[in-house]
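Please examine the model shown here and work through its architecture by question and answer.

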Amino acid sequence: MITRLELKKIVSSPIVLTLLLLFTAFNLYLIYVDAPKSEDVEKINEVIDEYGSLMDKDGRFLLRDSYEIGLESWNARNGKAFESASEFFRAENYYPAVDSGEISDQELEKIIDLNVKESILLTSEGLEEQYQKLDLLKNAEVQIELFGIQGEAAETVREQYQSLIPRLEEIKSSQDHLHVFLPGKIFRTHSLVFKTLFGVVLFQIMLLVVLFTAFSTNYEFDQGTHLVAFSTRRGRMLMWDKLLAALSATGMVTAFLLLATFGTYFIAVDYSRLWHMPISTGFMIEPDGNPFISWWNFSFIQYFWLGILLIFVLQILFTLITFVLSLWLKNSYVVFIVFAILFGLGLLVPGEMPKNSVLSLYTTFNPSSLVLGSKKWWMESGAFTTFKYFEMVTAGVWMSGFILAGWFSMKKFHMRNL
């Protein structure tokens, strides 16, 4: 009963409700601005439906045959002699033809389809060459030099990249990198989903969780009624009810924001042909040219659900951290400020460690680094966080630590003077 009342106090708070609505509106705006247009996605889906997703030699042969026949036919109908569909889209060809009405809408649609096929063919051929030349140890040396890492730390980075090589060979042998996906160099959907939207949602929920957990746990202290509320043994037990209510509210707001954001995104962008594509496909490579090499063979949907699971785990962890801070600090404003300082330290401390010490790597095993690194969870992610079990170790160790800290803090709270 008390837990239900505490939960009602949280979910009916005008601040929480207002922030939830504002955050949802902001996320929908991001999707409206950055999500690929449905007609572009539809053209990729049509190619997958007709020729399959794997663009190996056989897949490319079928697609190229169709492309060349289609281009020859289009040239004959429109009196042109383009050697490639992309030639039509050069400014000196495209604007005169469209402005004069020389090309009908139907013919324009057909040359766009041919251009999509051409783009897929060129991308897949380029990926074959790029992955054959890909040298992870060379990438490790680039990272080491970029960040000035030396000594034992540099050796650890080399070891981690060395241990990723079998996975790269597996990707090449299974041809996971040749599966068609929304082109990353055009749409950047991996960054949009796993960096922009995951990152924004993580921060938004974290802000709400810290806010209502601190507010609920410190309510009696902030109102000056703590001497009455906690004067009895049962009164002290009230903190367990508050923790349970805060955890329940965390689950509710996390589920709401995730559902509102990604429900809208996947309604707006048709991923029906893409759910089971490998997350390591080379078609996702973005303008920086770096491939996404996951430690395990995940499909897009598996990778997505793992990310959602980690978001829930992180928000539970943030609830526990806020709860422990509240038991000791007894002031919601101070708790909020201390939490922000701790979060900032998680980002600053690794950078202050000696670059020849493994501490510069191991201090990145903290929740702040996890939150900022959502784009490359479970995959090669740079010198400091490319460890096979980085996410699991970080979340597991910090969660265990704050479960113990919460239990210890409650024991102290039961015994000490108010």
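The questions below concern a predicted model.

Q: How many helices and how many strands does the protein chain have?
A: The C-alpha trace of the protein chain spans about 90 × 50 × 30 Å along its principal axes. Of the 418 residues, 50% count as buried. The secondary structure of the protein chain comprises 19 helices and zero strands.

Q: What distance separates the end C-alpha atoms of helix H15 (residues 300-329)?
A: Helix H15 has 30 residues, and at 1.5 Å a residue these should span 44 Å.

Q: Is helix H15 mostly covered or mostly uncovered, and how many of its 30 residues are buried?
A: A residue counts as buried when its relative accessible area is under 20%. By that criterion H15 is mostly covered, and the number of its buried residues is 21 of 30.

Q: Is Glu 50 buried or exposed?
A: Glu 50 lies in helix H3 (residues 38-51). Together with Glu 39, Asp 40, Glu 42 and Glu 46, Glu 50 forms a negative surface patch. Exposed residues have a relative accessible area over 50%. The value for Glu 50 is 56%, so Glu 50 is exposed.

Q: Is Thr 386 buried or exposed?
A: Thr 386 is located in the loop between helix H18 (367-372) and helix H19 (390-415). The relative accessibility of Thr 386 is 1%, so Thr 386 counts as buried.

Note on methods: Residues numbered from 1 in each chain as written. Predicted model: local features only at pLDDT ≥ 70, side-chain atom pairs only at ≥ 80, totals over all residues. Heavy atoms only, no water. Patch = residues over 30% accessible without salt bridge, like charges linked within 9 Å, V, L, I, M, F, W, Y side chains within 5 Å. Areas by Shrake-Rupley, 256 points an atom, 1.4 Å probe, with all protein chains shown as cover. Salt bridge = Lys/Arg side-chain N within 4 Å of Asp/Glu carboxyl O. Lys, Arg positive; Asp, Glu negative; His and termini not counted. Charge placed at Lys NZ, Arg CZ, Asp CG, Glu CD. Helix = DSSP H or I, 4+ residues; strand = E, 2+ residues; numbered from the N terminus. Buried < 20%, exposed > 50% of the residue type's maximum accessible area, 1.4 Å probe, protein only. Expected span 1.5 Å × (residues − 1).
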